[in-house]
Amino acid sequence: MKRIDVIMVRVYLADGRDQVNKTLRWMEKSDVRGFTVFRGVAGLGSDHKLHKASILDLSSELPVVIEFYDIPERVNLIIEQLEGMVKPDHIVSWPAQSGI
């Protein structure tokens with residue numbers, strides 16, 4: 001199997017905010033190969049408050065992570081556009097490899 005260099009990207013957001021829906025709609029229309037959305041059960045936000053799910057308190061600001069990967073050239077273009085919608089420090093990326 002041949003391996004290619006890719007860039008993995010994670011975008012950290014908070015559920016219950018319009019930013020998540022806008023970002024997901026934009027990702028659907030983007031040229032990204034595909035993406036996955038993870039909803040967390042707890043997270044420490046930039047406000048340094050713990051947001052967590054419980055039976056008594058269903059927080060609407062639980063963490064949401066959008067993850068995707070693609071070739072470096074395409075990822076760089078996507079990140080440039082995402083930075084206009086999401087705080088740049090909420091976008092994390094690192095090199096990886098994928099089989100084709």
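Close-up 1. At 17% relative accessibility, Glu67 counts as buried because the cut-off for buried is under 20%. This is a predicted model, and here the side chain of Glu67 meets that of Arg10 in a salt bridge, 2.5 Å from N to O. The pair ties together distant parts of the chain: Arg10 sits in strand β1 (residues 3-14) and Glu67 in strand β5, 57 residues apart. Arg10, at 30% relative accessibility, is partly exposed.

**Close-up 2. A look at Asp70.** Asp70 has its place in strand β5 (residues 63-70), and with 0% relative accessibility it counts as buried. A polar atom of its side chain lies 3.1 Å from the backbone nitrogen of Arg33. Leaving out residues up to four places away in sequence, Asp70 touches Val6, Ile7, Asp31, Val32, Arg33 and Val75.

**Close-up 3. Asp18 and Lys22 in helix α1.** Both residues lie in this helix, four residues apart, which is about one turn. Their side chains meet in a salt bridge (3.6 Å, N to O). Asp18 is partly exposed at 44% relative accessibility, and Lys22 is partly exposed too, with 48%.

**Close-up 4. Ala42 at strand β3.** Ala42 lies in strand β3 (residues 42-44) and counts as partly exposed, at 41% relative accessibility. Not counting residues up to four places away in sequence, Ala42 touches His51, Lys52 and Pro63.

Key:
Residues numbered from 1 in each chain as written. Predicted model: local features only at pLDDT ≥ 70, side-chain atom pairs only at ≥ 80, totals over all residues. Heavy atoms only, no water. Helix = DSSP H or I, 4+ residues; strand = E, 2+ residues; numbered from the N terminus. Buried < 20%, exposed > 50% of the residue type's maximum accessible area, 1.4 Å probe, protein only. Contact = heavy atoms within 4.5 Å. Polar contact = N/O pair within 3.5 Å; in protein donor to acceptor, adjacent residues only side chain to side chain. Salt bridge = Lys/Arg side-chain N within 4 Å of Asp/Glu carboxyl O.
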